[in-house]
Amino acid sequence: DNLKKGEKVKELKIDIKIEPVKKPFLNAYYVSQLVAEKLVRNFPHRSTVHNAMNKVMEAGAKGVKIVPNSLHIYLNDFRFWPVYDFCNRTGLPLLTACGGGPGGGWDGWARPTILKQAFEEFKNLKVIMAHFGGEHPQDAVDMARKYPGFYTDVQVDSWDEPGHWTTKEGIEWIRKAGVDKVLHGTNYPGGDPVKFVDKLKKLP
């Protein structure tokens, strides 16, 4: 737009280097884009999910993690069924983030009780619901007691800080769910490993 009449455009040399993605089926971004594209076009996506997860498993994966509040998909959405089916068949544990909904807050995409339908269909499913159900700890307790494959976790280094459980409250909730049903979640790198060790040593 700033060129004057009769002025010539200077030649520009642009060097574009295209580097192929190594092992694209191990790249979460490309796999998610591929699945999303198939969903938009109403193409079968189950085989894509299975192929991607098989490749990751062959590479040494020990589990699967999903973040429903980032995907804006409820845990009982059938688009998650290929993931549940895969974990059910292979025995890989599934870790899911908790909370985040259309209206904000924790009650939404990943409330623990939304998983009931999946557990009824996939009997060997093992799920770790992070953050002890968020603002619904009783949901986590109820699910842990009802379903053998339901587990939850806590981040003990945040206990006794403003807005978090006290150590006494945390211990009570763990005992309600069952000490064999609660894992220690580091939330790394969001937490302090030194605090983890200190707090864990002080637990009864």
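Trainee: Which residue is the bridge partner of Thr152 in S5?
Mentor: Val182. This is a predicted model, in which local features need pLDDT of at least 70, side-chain atom pairs count only at pLDDT 80 or more, and totals for chains, interfaces and linings use all residues. Residues are numbered from 1 along each chain as its sequence is written, and side-chain values use heavy atoms, without hydrogens and water.

Trainee: What makes S4 and S5 a pair?
Mentor: Pairing needs at least two DSSP bridges between two strands. S4 and S5 (residues 182–184) have 3, in the parallel sense. So they pair. Strands here are DSSP E runs of at least two residues, and helices are H or I runs of at least four, numbered from the N terminus.

Trainee: Why is S4 called largely enclosed?
Mentor: Buried means under 20% relative accessible area (exposed is over 50%, partly exposed in between; 1.4 Å probe, protein chains only). In S4 (residues 150–154), 4 of the 5 residues are buried, so the rest of the structure largely encloses the strand.

Trainee: Which helix lies on the path from S3 to S4, and what is the hand of the crossover?
Mentor: The path runs through H6 (residues 137–146), and this β-α-β crossover is right-handed. That term means a clockwise path from the first strand over the helix to the second, with the strands pointing away from the viewer.
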